[in-house]
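Work through these exercises with the model open beside you. Try each task before reading its solution.

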Amino acid sequence: MQIAEIDLGKYSNRFSSYTELRLHENRSQSIVLLNGDVVSNARDTTGGVSARVFNGGTWGFSSNPDMSNDAIDGTISAATRNADFLARRCGNEDAALPLSNASADSDFSTKKTLKTQEEKIAFLTEIDNYIVSSFPDVVSRQVLLSCLDMEKKLQTSEGSNGHNVTTRSLIAVKLTTENEDKEPVELSEAIGARGQYEDVFESMDTIIPALDKLYAQLLDKKEAVQPISGYHDVILASDLAGILAHEAIGHTTEADIVRAGSVAADYLNKKVASDLITLVDFANTYEGETLPVPIYLDDEGVESLDAVIIEDGVLKSYMHNKDSAQHFGMPLTGNARAFSYTDEPLVRMRNTAILSGSSSLDEMIASIDEGYLLMRPTNGQADSTSEFMFGVQMGYEIKNGKLGKAISDTTISGVAFDMLNNVSMVSDEMVWSCAGMCGKKQPMPVGMGGPAVKTKVYIGGQ
Amino acid sequence: MSINNTEKALAEKSLVALEQSGFDRAACRVSADELHELQAENAEINLFRTNFETDISLVGIKDERKASMSINRVDDATVNDAVADLTAMAAGSSPDSAHDIAPQQSHEIFSGGIEEPDYDLMYDRVSEMQTYAAEKYPLLNLRSTGITFYKRRSCYVNTNDVCFQTNRGLYQVSISFSSKDGTDTSSMMYTGYSGYDLDTPIFEATNVDMLLQQSTEQVRTEHIPGKFQGEMIISPDCLTDFLGFLLGRIGDGSIIAGTSVFKDKLNELVANPMLSIESRPVDDALTGGYWVTGDGHQAMNSTIVDKGILKTFLLSQYGANKTGLDRAVNAGGSYCVAGGDTPYEDLVGSVKEGILITRFSGGRPNDRGDFSGIAKNSYYIKDGKLAYPIQETTVSGNMVDLLQNITGISVERLNFGSSILPWVKVSGITAS
């Protein structure tokens, strides 16, 4: 039986205390072409039912891949038994959670006829052929299609319910060339958006400009110099601003991290950033446009609301699940999400962004005598101290207000609130990325966005 | 550990469906997992979880065109739909003569570990850990403590008459923590291990107690005095971050693409002769091992680096067919680095100026091996002594050079269940 056909409301009489009952299926697809050969041609469908029960301040959880009536009943019973076990050992009768009652349905599945595997592989081969015919200096190439659909249906004992399908499709391209010492030099790009393959990849028209830009930068990188390690004036390009918002500030202000000792606990309603900085974790919409990871109802049955984290430089709030909202006595924000049916909801970001300013990128570059323009992030990490780092695979020197030579791969770091206080210019553009996959205990697709930002960070290098 | 034939029956039935749909060669793996987890957050036990999971992985090759699919429902209709989809996926792919399945091997049954979790003991170990930390380290916040009993029964079959049944149950323990004193906060730290029993209190396992103590020291950190080039002692907690470049660049992806800096280094010196690395998936001392590779070969232990010399790539059957090189006898992992002849205390004592690094927060090294990243939960070493915990310190270098620049390996090693690792001292690191 499909998730859409199952009525979860009929199980409400099985709930003996606060309960979340969730049907959840992830459908993923991966095709990898390595130098033209199809080295991976795979699909994965994983789903089932989970129940989470709150009793005396503790949680019981259980899951089962079987979504039959008996299995759903059994899953509720197992989760209830687990909660009872903990409540007997360490429960607190006075423990409570904030109430919520919300409903939301959304479906970002395509309405078009689904493409066959042959058509998808043919499209990837067309991309591969374009690389071979147009980019003579490339010695190795990889073209990867990655699609993920997440379908969730929720019923809580407080009456919240919803059926939501989120989708995204990405093509990641990695090009490798060789420098004059015959050493490998690589650069990669993820192209894609919210939506299923049929809605995102309609033609080569959207792919070719991104490939051409990637190759041009790869050629620049062949001649790259090592950045000079140290504290520098930098412009973090708009494609870096999202990961800046996510890693540098976002994690530090997730309420479960705050509760665990993050420095943000000491800064609420205090100035933590330049007046130019406003940072928001958007639930689903920005200026009328649906965002990369639109969430309307979280996995605790809470309506997803925008969480304004920093407003004009002042730390205003955190992102919450029910546990943390209860602990801090703050309003719910609807940030609780689970990656798989076997996972419990955690506080997760959705579409985290620094809002745009009024400067042009050219003005920002012209304002720096000696520094770097940094772009194309790789991985990143945050810490409870607000110290952050992320990898950068492309950048340029800035000398006397002009771009210079490309720089080789590096890592940038800093203390988030120091870095935000040093922001002196913010560009007027707003770039959103759909390619984020956060790794906080469970993987999770996230959206990220922002403008270019001028600040100071520490750059690793020689 | 007992063997249940439910998975075998389902795997054989699915294999028949694959053959009947026209595949020349096919394989199927059926796994049934149980997970029982007790978790505490912020020193409060707050979650008890039981998960049951089934996975059917199907592989089909027809006319040298391959496809694979994974599903987690076992009813006939779902399996038959998956086989039909797999047939269409393979038909839409392009042919590659390197695709194959494992050759005939004798049918085997492997088992290890324990059958059932002990809930009360799990609870008592977590609870005991909370009490210990609260009494001995009042500044410490145990952000999370988890004990998971994980059991997997699995059966792999293919059309070359291969049948491997496996069954393993074990405990996995993980903790993460930081410390706070007023507004001073330490970096977060985490560690974990696996084992077949819970006989040892968590705080007595591996180097847990040392890490807890260090965390409380790290609420107050200092900058290093200035940029220097010196030595670095890499803790077992983050050694795989530094060996990972080598181990990742000798697998299918980099060797087939021809982008690995080690592609021409087989049987050549790639590291200081002090370094020897084995992959030991079939070792009773390593509870995190495996008996069968993902592509259906019985796994064996192997030496990857012997006294600095690279002895094997980590190629799968596909990678071997594609490159004409030898297939590895396992799929990597379960790494054991040979211990050296220097006690840990003497390794520290031998450093004139350097860093003891316990957690590395770094960007991915590029294909040349250049790296930089932050030394977290780490110490500045001066004249043979741990001088103070450090903050905002970047270490950079090159992973290829780092292997050659090993200057010492500790006698002591830690067994995490998934690996057995010592402390390793290297020179030529830039700290700034």
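**Exercise 1.** In which sense do strand β3 of chain A and β2(B) pair, and over how many bridges?

*Solution.* This is a predicted model: local features need pLDDT of at least 70, side-chain atom pairs count only at pLDDT 80 or more, and totals for chains, interfaces and linings use all residues. Residues are numbered from 1 along each chain as its sequence is written, chains are lettered from A and ligands numbered from 1 in the order in which they are written, and side-chain values use heavy atoms, without hydrogens and water.

Start with the strands (DSSP runs of E, at least two residues, numbered from the N terminus). Strand β3 covers residues 58-64 of chain A. Pairing requires at least two DSSP bridges. Here the sense is parallel, with five bridges. Now pick one bridge: A:Trp59 has B:Leu47 as its partner in β2(B).

**Exercise 2.** How many residues does each chain bring to the contact?

*Solution.* Contact means heavy atoms within 4.5 Å. Chain A brings 75 residues and chain B brings 71. Next, take the area lost by both parts on being put together (1.4 Å probe). About 5800 Å² is buried between the chains, and carbon and sulfur atoms give 44% of that. In chain B, the residues losing the most area to chain A are B:Phe48, B:Arg73 and B:Arg368, together 11% of what that side buries.

**Exercise 3.** How many salt bridges are there between chain B and chain A?

*Solution.* Look for a side-chain nitrogen of Lys or Arg within 4 Å of a carboxyl oxygen of Asp or Glu. The count is twelve. One salt bridge joins the side chains of A:Arg89 and B:Asp120, at 2.9 Å from N to O. Strand β2 (residues 44-62) of chain B gives eleven residues, the largest share of the side of chain B that touches chain A.

Terms used: Buried area is the accessible area (1.4 Å probe) that two parts lose on being put together, summed over both. Helices (H or I, at least four residues) and strands (E, at least two) are DSSP runs, numbered from the N terminus.
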